[in-house]
Amino acid sequence: MSHLAMYVMGLPAGLTVTELTDEHVPDITALVRAKELAYFERSETNEPEILGTLKAPDLDGSRGTTGVWEDGELVAAMFAFNGLEHERGLFLDTFIAPYARNRQQLAQCLLRAGERYGETLSAPAGSFVKAESFAGDTEVETSLSDRGYERHRVYLRMRLDFEEPVGQPDPPAGLQVRGMTEQDWDQVHHVITEAFKDHYDSHPLPLDLFQQDMANETSDRNRWRLVFDGSQCVAVCIASHRFAPGGLGYVENLAVLREYRGRGIARFLLQDAFARDSSDGFTGTSLHCDATNPTGATALYRSVGMTEDHNYVAWRTPLG
């Protein structure tokens, strides 16, 4: 079977290529942190988070990874997440150290390798190769543009830093709130699938893959909250320990069924997450969001005091 690393060609002299495995977690963490500090001036990326990335089912083990090394230091990495079977595209997540030589040439080589790797995979007609760039990373953005990628979304990481303890909010009238149990998987899958139907790139996963997708090294089902109207689950908040080593709580997913929107449920779930993170000793709460989401979620996050932390541009081009 093809490996992403075998397609990396045309690198500057003195650089070597390998696949990336669990033993490289410290190197990958250091690389990602260096880039986030350079472009966003802060980073909570940590080793458990990176280990969870390497174990993602659609990374296909180490086959979807490649690292570029100079004198024993990891200066660039790419992860190719294969969601083609379920029409989610091939996502190329690329990190190039801000101090690396020939950054634009490195970006070109890695993107070309990712595209060639994608051409070896089974894919439905009309599939896309997708990528992200850190806002302001001129070399990577130029490389994407030169290779025919188009900008199509903006993603943000937003956060609220606690200045004082956060009180527990009252749930919306007539609704019940509780934690997650093993018997709730069907309902959680239904709520998240239905809530994101309007998203531009909605491609629901079957239940078994959904469960795999929701489980990683930072998952913590004790931090999930489900909202019920009688026996029906109508909203969920999926929280995790993704940024816990940096003292930051994280909301992985927030979903409310369309017919229950406008009743303050999403606001309650956010404030509930803030209260739990505050009581657990975290210094704040964060989440990622699509700034171009038609539901207006970004405005909600700002209304509860969250501010923009990281800024990413999403790109795509037809596969092949």
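Trainee: Why are α5 and α6 called roughly perpendicular to each other?

Mentor: α5 and α6 pack at about 85°. Angles of 65 to 115 degrees count as roughly perpendicular, under 35 as roughly parallel, over 145 as roughly antiparallel and the rest as oblique. Therefore α5 and α6 are roughly perpendicular. Their axes are 11 Å apart. Axes are lines fitted to C-alpha atoms, for helices over the stretch in contact, and angles run from 0 to 180 degrees between N-to-C directions. Helices are DSSP runs (H or I, at least four residues), as are strands (E, at least two), numbered from the N terminus.

Trainee: What is the model, and what limits apply?

Mentor: This is a predicted model: local features need pLDDT of at least 70, side-chain atom pairs count only at pLDDT 80 or more, and totals for chains, interfaces and linings use all residues. Residues are numbered from 1 along each chain as its sequence is written, and side-chain values use heavy atoms, without hydrogens and water.

Trainee: Which residues of α5 and α6 meet?

Mentor: Trp185, Asp186, Val188, His189 and Ile192 of α5 meet Leu207, Phe210, Gln211 and Met214 of α6. Contact means heavy atoms within 4.5 Å. The cover over the buried residues of α5 includes α6, β8, β9 and β10.

Trainee: How do you know that α1 and α2 are roughly perpendicular or oblique?

Mentor: The axes of α1 (residues 25–40) and α2 (residues 47–54) cross at roughly 110° and come within 9 Å. The pair is therefore roughly perpendicular. In α1, Val25, Pro26, Ile28, Thr29 and Val32 make the contact; in α2, Glu47, Ile50, Leu51 and Leu54 do.

Trainee: What makes proline 172 buried or exposed?

Mentor: Its relative accessibility is 12%, so proline 172 counts as buried. Buried means under 20% relative accessible area, exposed over 50%, and partly exposed in between (1.4 Å probe, protein chains only). Proline 172 sits in the loop between β6 (150–161) and β7 (176–178). Beyond its neighbours within four places in sequence, proline 172 contacts Arg263, Gly264, Ile265 and Phe268.

Trainee: Is cysteine 237 buried or exposed?

Mentor: Buried, because its relative accessible area is 1%. Cysteine 109 is buried too, at 3%.
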